[in-house]
Amino acid sequence: MSQMLHMSIVLALLPLAACGRSSPSSHVAHDLGRTANDESAPQWYDTSDEEYFAAVVNHKKGLDRAHMVPADDPATLRLQYWADAIDHMLRKRDVHKLGSVPRPKIKLIQSDEANAFVSGVRICLRLGISFSGPVDDQGIAEAITFDRSSRYFKKSSNGQSADCIQSSFSDDEEVSLATWQFSAYSNCAPEFQSRTVVLPASCLEAGRHGLGSIRKAKHLVVYSTSNQITVLSHVLVPLVEDEAVQVLAHELGHYYMSHQTTPSYQYGAFYRLGDTNPAQKPTSNPEAEALGKKLVDAFRGKIYFDDYASIEGQRFHSVLFSVLRNLAFELRAIECAGDSSCAKPCTLMAEFFADSAKLKPLEDFPWKKPGDDGINAYRAYEQLAQACVISIPLSNDPNVPGADQTPATSLKVSTVEQYLGYSSQELSNALKPLPLDENLGQLFDDVTSKIQDLQQAQASGMNQVLSEAMSFNLAVYTAEQEADELSAEWIDQLGINPAVGISSMIKLGREWAKREPPAFGEVPSDQCEALYQRGWRGEKGNSVMVPIAAWEGAHHSACYRAFNIDREIKVHNLTEYASTVRPEPGEPRWDEMVVSIVRRENL
C-alpha cells in the first residue's frame, strides 16, 4: 500500500459537519452500568498456575515460563493491587452479578511487546457429544471442541491433551455447563442421553465446522474464560501509573464480560458515527450494514501480500523461496539427468537448502523479515537460484515424466502451480494460469511481475472501498470498543481521570507502530495528539471525525480508540473521579518499577 496515499487520506481528515448525520437507531456508546453479559458461572474458570502455564503460556508464540515475573515482584504486586481495587469496587456495586466470578489474578511476563490479554482455556468434559442422525465407525473422534463465541466445531485428537483442563465439575454441573454453551443458538437445544450431549443436525449445518464426516466424540471440549490476566511488561514502559490502570481496566472489561465465550453475533453492528456518542450500545441501520457488507466482502477476497517479508534488491518475490525450497531436489534431478556426480547450479542450490546452518538465519522467512545474517543468507540463496532456474526448461505436456522418473528433462508448469498453492492457495489461484515460458527463470520473473500488478490493483480497489467507508463515517462496534468504554467508566468511579485512556492509546499507538505498518487511513500518534489538544479540530478549526482505519480485526486504530474514549467521557459526563478518593498503593514509585522493567528487558 502506498504510504503517500495513506498520508494523503489522513491529512485530509474528514470534516464532521459535512457527514455527521446519524440514523436515530444508530447508538454508539456502551450501556452504562453493565458489568457482565450474564451471570452464568461456567463462563469463568479459576485457573491454577500449572493450568495457566500448560493451557496459555505454552501455546502463545513468544511467551516463555522462564520470563514470568515473580508474583512477589513489586510490579506484579502493584498490578494486582489495582486489579483488586477494581474488583472490590465492582463487587460492591454488582454483588449479584459477580458472586460466581473468580477473583482476577495478574500474571506479568517479561516481554518487549506492548500488550495484555485475557485467555480462554479448554475444559475437557466427561460428557460425550453426538449429532442426531446415523453415525458410522468412521465418524467417531476422541474429542470435539466447541467454540461458543464463533459457533465453531472442530475435531480434537485427544480429549486428555496437556492444554486441555480436565473437568472437576460434578455430573450435574457438566450438564448445566453444556446446556449454557449451546443455549445461545436457537437450533442447538441439547438433549442428554447416557452422559452424551445430543445436538440436532441443524446445529452443525447452521454454523461452521472442521469436522469432515465426524459426528460423534467421546469427549466434549468447551472454552471458559481464565481468571489469569496476562500483562506483557513492555506495555507498562511508556505509561504513567494511571494510564497503566486504564489498560488493566480494559482487560478486566474483557474478563467480566467474558468476551471469550460471548457469541460474536452480539457484536459487529455497523453504524454511522454521529456528532456525539449516545448512551446506549450501538444498533445497526440498513445503509451502514450494506456498506459494512461491502467492506467485509472486500477483505474476505483479499490476498494477504503483506504476509510475505521482502528484502531490498531481491529479484524474485519471497513466496518463490518456499517454492524453490520444495522443488530443489526435483530441479537438481532435471538439470543433472541422473548424474549423481553433477555439480551444476541446481545441485548447489539443493545443497544450500539441505544445510541447516545456512538455513538457520532464514528459519522464519518468508513470513518474517530476517536479520542481517538472514539477509546475507538470502542473497547467497538468490544468487544460486538465479543460476539454477534459467537452466530448467518448462513444459505443459501432461506426458512429461516427473523428476523421480527417467528421463526427466523439463518441469511441468502445473508442478509450479501446485507448490505455489502449498504456500498460498489464494495467491496461486490469482496467478493461474501460469504462462508457458522457455525456462523457470523467465516464469519466476513473470510471476514476480504479476504479483506486483495484483498488489497494486488490490490496493487500489481496497482503498476505494475504505475511502467510501471513511466518507460515510462508518464504524463497527466490537468487544474491544466495549472494553475501552467500560475501562473509562470504571476508572472514573475509582477516582482516576478517565482521560488517561486517551493519552494511553496515543502512547501505545507509537509502540504498536514500531511493529506493524499503518492501516489505511490511520492517524499517526503525533498527529492524533495534536488533534486531541485542539479538541479534535483541524489546523483551521474545523471539527474532524477520526476514521476507524483498522478494519481487519476487533481492535480499532489507536487514534480512533482515543477519539472514542473522549466521546464516551463526554456523553456520560464521567467526572465522578473529581469527588472520589483515588486509592494510594504506596511505595515503590511507579517510575522506579518501570526502570526495573526496562533493565530486565535489556538483559
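This is a predicted model: local features need pLDDT of at least 70, side-chain atom pairs count only at pLDDT 80 or more; totals for chains, interfaces and linings use all residues.

Guide: Residues are numbered from 1 along each chain as its sequence is written, and side-chain values use heavy atoms, with hydrogens and water left out.

Visitor: How many of the nine residues of strand S3 are buried?
Guide: Helices (H or I, at least four residues) and strands (E, at least two) are DSSP runs, numbered from the N terminus. Buried means under 20% relative accessible area, exposed over 50% and partly exposed in between, with a 1.4 Å probe and protein chains only. S3 covers residues 116-124 and is mostly covered. The number of buried residues is eight.

Visitor: Which strand runs antiparallel to S3?
Guide: Two strands pair if DSSP finds at least two bridges between them. Here eight bridges join S3 to an antiparallel partner at residues 216-232, and Val-118 stands opposite Ile-229 there. That partner is strand S11.

Visitor: Which residue in S7 stands opposite Arg-122?
Guide: Three bridges join S3 to S7 (residues 164-166), and the two run parallel. Opposite Arg-122 stands Cys-164.

Visitor: How many disulfides does a search of the whole structure find?
Guide: A disulfide is a pair of cysteine sulfur atoms within 2.5 Å. With the bonded cysteines of the protein chain numbered in sequence order, the pairing is 1-2, 3-4, 5-6, 7-8, 9-10. The search finds five.

Visitor: Why is the disulfide of Cys-124 and Cys-164 given a handedness, and what is it?
Guide: The sulfur atoms of Cys-124 and Cys-164 are 1.5 Å apart. This pair links distant parts of the chain, from strand S3 to strand S7, 40 residues apart. The torsion about the S-S bond of Cys-124 and Cys-164 is about 130°, so the disulfide is right-handed.

Visitor: Is Cys-124 buried or exposed?
Guide: The relative accessibility of Cys-124 is 2%. Because of this value, Cys-124 counts as buried.

Visitor: Which helix holds Cys-388?
Guide: Cys-346 and Cys-388 form a disulfide with sulfur atoms 2.0 Å apart. The pair links distant parts of the chain, 42 residues apart, with Cys-346 in helix H10 (residues 345-354). Cys-388 lies at residues 372-389, in helix H12.
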